[in-house]
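Hi,

Here is the structure I promised to pass on. Have a look at it first, and then read on for what turned up.

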Amino acid sequence: MTTPWPAEARYLQLDDVVVDLRLRRLVLAGRSAELPQRVFDLMLLFLSEPHRLHTRAALFERLWGGTVVEDTNLSQSVWLLRKALGEGRKAWVRTVAKSGYVFEPPAAVLWFERLPSPSPPVEAEARATTDATSSPAPRGAPGPTAAGSMRRTRPQRRKSGAWLVAAALALAALATAWAWRAKQAGASRSVALVVMHDGTGASSWPATLLQQWLRWKLDSLPEVNLLGDGEVARAGGAPVDVVFLSSVRAGGDADRLELHARLIRAGHEERLDGVAAAADMPALVDTLSHRIVARLLPRRAGPWPRLELGADAAQRYEGFARALDRRDWMTTARLGPDVLRRAPRFALAHLQLADALRQLGQTETAMEHERIAAELLQAAPADALASLAARRQTTGADTDRAASFYAGLIERYPDKTGYRLELARLLIQAGQDERALAQLRDAPGRGDGLGASIAKRLLRAQAYGNLGDPARMRAASMQAQRLAADAGAGWDSEQASAWLLRGRAERFQRPERRQNDEFERAAALYRRMGDATGELYADYLARMAGGADAGADAALDVLLARASVGGHRRLEVMILLAAADHRSKLGDADGYRSRLDQAAAVAAASGDPVLIGQTQMRRMNVEILQARFDRAAAIAQRLQRLDLRGITRLFVDQNSAALAMIQGDSRRALALMDATERLLPPRGAGQRESEASAQIACVRADLLSTLGRLREARATLQRCRQGERWALRFYAPALGSHLEWLAGDLPQAKALLAQAQAATSTMAPDGWLNAIEVARLSTRVGEFERSQRLYAQVLAPVRANGYAFLTALTLTGMAENAAARGDRAGAREFAVQARRALADDAWAVASRLDLLAVFDAQQRGDRAAADALAARLHRRARALGDVVVELQLHQLLGPESRDAGCGPAEREALIARTAMRGARLDWLLHADDGRRSARRR
């Protein structure tokens, strides 16, 4: 390919920068900087084609020629070039977000055979380094560059690899260009470990092993904050110690390897090298790791555990480590046992495998590997052992003890971002999301690195999602996604995680939304990275977002098989629960329970309390629907012992509150909801209610109305109305209709009831519950035809699915309608069937049937039976605090009745205190009057 400068050109000059084409170096400010091969090729490409967009794909093709390399190699090369150019010139290379780069020099490029007026330092250096075949005397005038293609000329390969030698020489120039102004304090030291790959991958395993071993050592120390590769390129003038690691074959000897480390500290470069046979390379890695730690942190020179593995295990470990860095937990878990079979005393692999297994939901196995690692790492410094002990406590679900461990470390080393992030991760894993958010607050005056900033936002998004706050979940995930996108290459995993969380927020708030762009974007990023775990999870979420269709079961079975083979217990449970929910929405209760049983078995085998909680929470709901309240209460007690938090705790407590309401204990139900709300993060000024808070508010409003606290219920309903989830879009107007009926405003109650019916779910069993509630309210406002039609529609499916409680509610409503239209025989028959459907006591049903029984006895003229039953019902309602039942019963009690000290004056006082003038049986007592009046008109 031709270049804008002729073949005889020896030098290029751009502003005050001289490019030595023969020796492949930059000369500026009297000093030279030799560049790695790819970096120098990149510089030449930019010089030959300025002011045009170079896409990342095109640059990879032109610089690496189809060789498979890490995506971060290009970003690192651009960064190295910018650093070599220096502060005043690095802006010549402009990043175009999500596209590539544009080279924008301040002037035209000039070319020379010999520098016309060389400065003495440059000329002296040239004479010292030029061989006998140096270029001839000057010829021709300088000429400007033009856009065009360029042929890369490669220098003669030196014994250890030209790219590696060039990189070594370039680091001295980088150290000068960074110009660190301050030495790091002992309590806050940032270190980056960067592996430089030569593109072949055949000899990179020693550098990877050294990086991972060093990473564990340094990250376990409280005074060190580790930075990722991508963060170094964006570090600017911040003081960072950088360790470049590389390994290559030693000349032509296939069995000997060179291992190189370059330390850049406070503007100074230090080189640590070693050569060994492949069999001896792990020992050399261990030795070099000791020397590097001693250079970076002299007081931490020792003692440290030994690196115990052979070359065969070390080579296999490279794939394991790369999968771990991609967060591909399934691949990590698959490769880990093979490494450990060859090196059972390789403590780091035990520790890293435990991380992967914990993410996959294999908690007990993870704990065993952490135990082995702790035994093998006893020679580590006390601070490192304390951090490891804290991890083990949290994995074992003793989060309070783990928090106390970390609290001590964080108090002593407040600048150690990793402690806060790790504690937050483990707290989220244990379901203690509100405590995690406390650790993720931005501390005033302390800036985080890019990686920590992105990690914080991702963790916040996850915690907010678990706490039922999709609005803040969405905001945090979008912040993380933008930061990762602006950072360029090397942040695909963070971007994918952000898209997943953003999609989950949308799904949580608007489950009827069928688009799944966020999940598909995440899946594409994971696929590009080769992350099988992430891709599988994104595919699962995309399938769920697509809705239930004819192929849903088959598709879920495929995902389930992949999760099972990959050992992803957490995802396996999630897929089984999704399959169960799919069967439930189709009205297949048997299929739902079958899948739920499978999920419960996998969750129990995992030992993960969060997974167990999610499955048992659904079991509890099934027991309630089937009217087996004693069994539901037993499950609730077991779940309380798990100390669940977040959205799982919310649903468990909501089920427990529903069970208490069914049994008439509204006071206990209200206490449960109040305790749950205290676990949620406080709402900031000007912020809407979170979805979880709005849902709790809906339940509280319902309970408050039962207890006669109508004014509080109405105020709480305003918070309920701020929720946007589909369930709340029904619940809020339905509850509003109920409150307006209690207040005596029938027109408003009817208007809100129409809104609720329009928002009724089409998914079973929620749709059946919604229909039953609309039917109940329709009866109260006198719309009997709609009520009866809805009851008739749901009776057959709830019976067929074995949902005894819903069956009893439906039959009770039908009994009420029959009584209201004067069909006393029909009312009695429906009431008998309703009581027969319930094996356990259910005040929510029994109180309504008892009211009908009192009315029926009065209609039969059996005053004694009516008064006795009314007295028992009144005493029970008083004891439970059910003011609504008490007020309705007052219409059936004679004016002379003073049961439980409740005469006419007390009744009037109760109405005045509660403002519940509409809590009456007018729909029952005056229904015939209304129909007769309508016929007369």
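Let's start with Leu806: apart from neighbours within four places in sequence, Leu806 is in contact (heavy atoms within 4.5 Å) with Leu625, Trp768, Leu769, Ile772 and Val798. Before going further: this is a predicted model, where local features need pLDDT of at least 70, side-chain atom pairs count only at pLDDT 80 or more, and totals for chains, interfaces and linings use all residues. Residues are numbered from 1 along each chain as its sequence is written, and side-chain values use heavy atoms, with hydrogens and water left out.

Leu806 is also among the residues with the most contacts inside the largest nonpolar core, which has 241 residues. A nonpolar core here is a set of buried Ala, Val, Leu, Ile, Met, Phe, Trp, Tyr and Cys residues joined through side-chain atoms within 4.5 Å, and buried means under 20% relative accessible area (1.4 Å probe, protein chains only). Helix α35 (residues 804–820) gives the most to this core, eleven residues; helices are DSSP runs of H or I, at least four residues, and strands are runs of E, at least two, numbered from the N terminus. There's a second, separate core of 43 residues, with Leu47 and Trp79 among them.

Now the sheet. Three strands make an open, antiparallel one in the order β5-β7-β6, where pairing takes at least two DSSP bridges. Because β5 (53–55) and β6 (93–96) are at the edges with a single partner strand each, one side of each has no neighbour in the sheet. β6 pairs with β7 (residues 100–103) over four bridges, and Val93 sits opposite Phe103 in β7.

Cheers

Notes: Buried means under 20% relative accessible area, exposed over 50%, partly exposed in between (1.4 Å probe, protein chains only).
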